[in-house]
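Me: I am new to this structure and would like to go through it by question and answer. Could you begin once the sequence and model are in view?

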Amino acid sequence: MMLLEHDAKMLLAERGINVPRGVLARSPADLPAGFAPPVMVKAQVPVGGRGKAGGVAKAIDATALAQAVTRMAGTTIKGHRVRECLIEEVVTGHECFVGLALDEASGDVDVLMSASGGVDVEAAPRHMLSARADFDRAACAGAALGLAVRAPEPMRAAFAEIAPPLAEAFFSLEATLLEINPLFVRPDGSWIAGDAKLCIDDNALARQPGLAALIRSRADAYPEAAGKLESGFDFAVLDPDGDVGLVTTGAGLTMQLVDELTARGCRPFNFCDIRTGEFRGDPARLIRVFEAMAAAPSIRTILINFFAGITNLGEVARLIAAAQQAVPRLSVPITARLIGNGYDDAVSVLAAMPMPLAVEPDLERALDRAIAAIWRDLA
Amino acid sequence: MNDVFPQASSSDELLLDPGMRVLVQGINGRAGRTHARLMRRYGTQIVAGVSRSGGSVDGIPVYATCAEAVAATGAVASVAMVSPLAVAAAVEEAVAAGIKLVVTVAEGMPVADAVRTLKRVRAAGVRWIGASTPGIAIPGRLKLGFLPDVALAPGDLGVMSKSGTLSYEVCYRLVSRGLGQSLWVGVGGDPVKGTRFRDLLPVFAADRNTAAVVVIGEIGGSEEEELATAIVGSGFRKPVYALVAGRTAREGLTMGHAGALVHGATGTFESKRAALTAAGVRVFARIQDLVDAVVSAPGSSNGGTSCS
């Protein structure tokens with residue numbers, strides 16, 4: 001997962017990388033005294049290209065600052081709603097680029113440095129110095145130092161100084177990508193990180209207590225990751241105004257269902273990988289998902305899709321029934337597509353519910369049913 | 001049996017033999033116990049379990065270490081049913097014991113562990129499938145992992161997939177139309193893994209039982225693009241059909257699998273579709289369209305007739 005710029009910079013600062021002074025703000029009222037313009041205002045969303053999308057502005061006075069925060073808050077950049085802005089002191093210098101990126105195929109690390117960074121760095125690859133290093137802190141720091149000596153001064157001094165903390169941050173945070181672009185380098189060789197892109201390994205959170213604590217404390221900024229830490233499964237709201245809720249198992253199949261529903265004119269509310277194999281007789285996961293859907297008035301129908309290899313469907317059906325009873329305000333029609341052992345048992349359990357579920361063994365027909373339910377509701 | 005696994009780093013070959021002796025690491029856990037029994041019922045020769053507990057599970061002798069299990073039973077393959085943070089140590093133990101094929105099913109192995117494990121298996125000439133794989137099967141003969149029986153049937157399709165459930169759905173529909181698999185390999189949804197799509201191309205090229213290949217990919221990473229390059233570079237001639245999930249995924253949002261994440265133009269559906277299409281692969285957006293195309297292909301063992 002990609003961390004927001006503010007959080008990435010905080011983690012990097014703790015590891016010896018210079019960053020501008022900054023604070024998070026949701027509205028002009030949040031701005032602390034003593035933070036006087038001129039400042040940079042930067043929308044906090046986990047995607048690149050914010051500047052070109054209107055998510056970065058320089059505010060020269062208090063009025064402009066308030067306007068910029070008001071303008072950005074609540075907008076959507078590449079599908080991500082702007083919940084907060086980073087207000088930063090203005091820093092300047094020659095724009096450079098430094099980065100470490102894990103190469104998935106080889107398991108090596110690409111070390112990248114360029115004396116010409118900025119928003120168009122990818123358009124000028126000829127200026128990029130690069131080396132491939134072993135997946136090892138010392139090897140990456142060494143490779144970065146090797147590149148630094150090929151850069152002109154004052155970049156040479158700056159790159160040499162940032163190389164060790166950059167490698168240290170990459171490995172200690174179990175990052176898969178760490179880019180500083182722009183890295184501002186001043187004539188005297190001093191430097192400061194203008195922006196930071198830090199992708200961490202979600203799978204390492206179990207042994208990265210500091211990162212897990214950060215995500216828990218910023219659950220509103222990282223709802224998917226924080227939710228997974230709490231519940232143990234994947235759930236992401238894709239479209240807050242979506243019309244079909246998905247209670248599904250399997251990441252790949254759910255992604256595919258989202259694609260196919262979208263292609264057929266539906267608006268999937270969520271992504272979900274609930275993992276039926278981990279229910280262990282407890283309806284808690286189903287209740288959690290049903291509650292999220294009951295709180296979304298735009299949802300007109302729910303599609304359950306469980307392709308169970310081992311899990312007995314009769315047991316799953318009893319958990320669905322228990323969850324439905326626990327969330328009585330969830331009143332939209334539910335279609336359950338079930339495949340696996342105990343199908344007949346599941347059908348009879350679900351047919352006996354106060355609000356019977358439609359059970360369907362064929363996924364195409366289940367999709368048809370769910371879509372028909374949306375249209376019936378709209379009619 | 002002609003299914004072979006050429007090593008990425010050497011010319012050694014590993015026979016994936018339906019009669020091979022297999023041990024299960026973590027056999028005393030809930031999953032280990034269940035799947036050891038199910039794999040054996042499928043026909044896999046589960047000869048040993050490994051767990052500190054010792055004793056036996058359903059009549060399968062359990063040893064404290066892989067080395068003891070290998071010495072006592074001659075096991076050459078391992079299925080590791082251990083928790084995500086224990087996968088790296090389990091593979092290390094299997095490699096040190098002389099195991100030649102390791103399948104690790106746990107979802108959630110840290111990337112740093114996967115990188116170190118990858119280096120270790122490459123140096124040792126061991127084939128690693130996973131992490132985060134539902135397993136591998138030669139239908140009707142051998143199953144390592146937990147691919148569901150309802151989606152498995154002997155046939156002539158080679159299957160490679162990043163996703164468990166999506167491959168179950170695709171193969172279940174193909175089987176219901178009379179088309180089974182020669183060999184099915186789940187590579188898992190992690191970014192760094194033991195066996196990537198492109199590593200399987202020589203296997204399916206050499207396997208006389210494979211007439212066509214079904215690729216089940218998804219957004220994120222570069223595996224589909226690497227596969228496309230390998231298809232062109234190796235002159236792979238068998239028909240290839242691909243499904244790529246995640247066309248509508250948002251940049252910056254991880255979709256369940258650790259590897260399923262789009263950054264800028266990297267890892268997008270369009271990038272994968274363009275690369276695969278240019279390599280002659282037929283790429284589909286709907287499951288049913290892929291199934292229909294495979295069923296109606298001229299060389300299909302179904303003779304081009306539909307029996308839905």
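**Strands, helices and contacts**

Reply: Before the questions start, a first pairing can be pointed out in this predicted model: strand 5 of chain B runs antiparallel to strand 6 (residues 60–63) of chain B, and two bridges join them.

Me: Which residue is the bridge partner of B:V57 in strand 6 of chain B?
Reply: Strand 5 of chain B covers 56–57, and the strand with which it pairs in the antiparallel sense is strand 6 of chain B. Within strand 6 of chain B, the residue bridged to B:V57 is B:I60.

Me: Which strands stand at the edges of the open sheet of seven strands in chain B?
Reply: The pairing in this sheet of chain B is mixed, and its strands follow the order 5-6-4-3-7-8-9.

Me: Which element gives the largest share of the side of domain 1 of chain B that touches domain 2 of chain B?
Reply: The domain assignment of chain B places domain 1 at 4–129 and domain 2 at 135–296, and their C-alpha centres are 24 Å apart. Their contact takes 25 residues from domain 1 of chain B and 20 residues from domain 2 of chain B, and the domain 1 side divides into 21 nonpolar, three polar and one charged. Among the elements that give two or more residues to that side are strand 1 (4–6), helix 1 (30–42) and strand 9 (127–129) of chain B. The largest share, five residues, comes from helix 4 of chain B.

Me: Are helix 3 and helix 4 of chain A roughly parallel or roughly antiparallel?
Reply: Helix 3 (residues 137–148) and helix 4 (residues 155–172) of chain A pack with their axes 8 Å apart, at an angle of about 160 degrees. Angles over 145 degrees count as roughly antiparallel, and therefore the relation of helix 3 of chain A to helix 4 of chain A is roughly antiparallel.

Me: How many charged residues are in the contact of helix 3 of chain A with helix 4 of chain A?
Reply: The crossing of these two helices of chain A is right-handed, and the residues in contact include A:R137 and A:L145 of helix 3 and A:R156, A:F159 and A:E168 of helix 4. By class, the contact has 14 nonpolar residues and no polar ones, and the number of charged residues is three.

Me: Which element gives the largest share of the side of chain A that touches chain B?
Reply: Here 45 residues of chain A are in contact with 50 residues of chain B, and the chain A side has 20 nonpolar, 13 polar and 12 charged residues. The elements that give two or more residues to this side include strand 13 (234–237), helix 7 (251–263) and helix 11 (363–378) of chain A. The largest share, 11 residues, comes from helix 7 of chain A.

Definitions and conventions:
Residues are numbered from 1 along each chain as its sequence is written. Chains are lettered from A and ligands numbered from 1 in the order in which they are written. This is a predicted model: local features need pLDDT of at least 70, side-chain atom pairs count only at pLDDT 80 or more; totals for chains, interfaces and linings use all residues. Axes are lines fitted to C-alpha atoms, for helices over the stretch in contact, and angles run from 0 to 180 degrees between N-to-C directions. Helices (H or I, at least four residues) and strands (E, at least two) are DSSP runs, numbered from the N terminus. Angles under 35 degrees count as roughly parallel, over 145 as roughly antiparallel, 65 to 115 as roughly perpendicular and the rest as oblique. A crossing is left-handed if the near helix is turned anticlockwise from the far one by less than a right angle, and right-handed if clockwise. Two residues are in contact if their C-beta atoms, placed from the backbone, lie within 7 Å. Ala, Val, Leu, Ile, Met, Phe, Trp, Tyr, Cys and Pro count as nonpolar, Asp, Glu, Lys and Arg as charged, and the others, Gly among them, as polar. Domain bounds come from an automatic or database domain assignment. Two strands pair if DSSP finds at least two bridges between them.
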